[in-house]
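Let's take a friendly walk through one protein model. Have the sequence and the 3D view ready, and follow along as we go.

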Amino acid sequence: MKKGKTQKLVYDYVKKQIETDTWLNGYHIIEQDLANDLKVSRTPIRSAIDQLIDENYLKKEANRGVIVKKERISNKEFTERTQLIELLCSHYLFQLQIKEYLIDDQSFLFIEELNKPSSDKEYYYDLFWQQFLSPLNNELMKSTILTQITSIKLVEFPNVSINFLYDETHKLSKTLSRLLLEKNYEVARKEIRVYINRLNLELIDQQI
């Protein structure tokens, strides 16, 4: 295989692992492992890695080598990922409705902390979703949702506050906590849909 084709093979492979969230931020790239998996020499691997570093998919760090460091996702990726979040969360809430699961009153008390100016909004964003999904026994579904929840933090909303995503999630968390305690799962599913639509509409508005 010619050098250029080999480099493209490596480039396409690594980029696909990142864009499909097979390799998440912080994942350590080992050249020799790639060489063994793809049956190529390390020279085109280094060239492909350098290209992906230039494109902000990878980063070289002292004492760690090359790691996945995707800094942004496209609007298209954001839309696809939020649609998946809505689909899986709606299915999850439907399952709660069937099982008539009543969430513990203590489970959502932490959301009040979001009202404090000193609160770490990203921390509570992650905590909310982890708590919301805590009754979910399907670990694959839970992992998939949380992966997408993490990845959408990489979108940029240039026309609104840097905390737009976290603030919208805070509003959702307060509404969902009440609805889940009331076992009103149908309206909870609608609130998830409204939340996702609001995020995507903001991206559409900033493009006009």
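This is a predicted model: local features need pLDDT of at least 70, side-chain atom pairs count only at pLDDT 80 or more; totals for chains, interfaces and linings use all residues.

Residues are numbered from 1 along each chain as its sequence is written, and side-chain values use heavy atoms, with hydrogens and water left out.

A pocket here is an open set of points on a 1 Å grid where a 1.4 Å probe fits, with protein on both sides within 12 Å along at least five of seven lines; a lining residue has an atom within 4 Å of a point. The volume is the space filled by probe spheres set on the points. Helices are DSSP runs (H or I) of at least four residues, numbered from the N terminus.

The largest pocket has about 500 Å³ of space. Its lining counts 27 residues, with Thr150, Ile152, Lys153, Leu154 and Val155 nearest the centre. Helix H6 (139–151) and helix H7 (164–181) are the elements that each give two or more residues to this lining.

Here are the linings by class (Ala, Val, Leu, Ile, Met, Phe, Trp, Tyr, Cys and Pro are nonpolar; Asp, Glu, Lys and Arg are charged; the others, Gly among them, are polar).

| Pocket | Lining by class |
|---|---|
| Largest pocket | 14 nonpolar, 6 polar and 7 charged residues |
| Second largest pocket | 6 nonpolar, 4 polar and 1 charged residues |

Now to Asp120, found in the loop between H4 and helix H5 (121–132). Asp120 counts as partly exposed because its relative accessibility is 45% (partly exposed lies between buried, under 20%, and exposed, over 50%, with a 1.4 Å probe and protein chains only). Which end of H5 does Asp120 cap? Asp120 caps the N-terminal end, with a side-chain oxygen 3.2 Å from the backbone nitrogen of Glu122. A polar atom of the Asp120 side chain also lies 3.1 Å from the backbone nitrogen of Tyr123. Between the C-alpha atoms of Asp120 and Tyr166 there are 9.9 Å in space, with the two residues 46 apart in sequence.

Within H5, the buried residues are Tyr124, Tyr125, Leu127, Phe128, Trp129 and Phe132.

Terms used:
A polar contact is a pair of N or O atoms within 3.5 Å; within protein, one must be able to donate a hydrogen and the other to accept it, and residues adjacent in sequence count only if both atoms are side-chain atoms.
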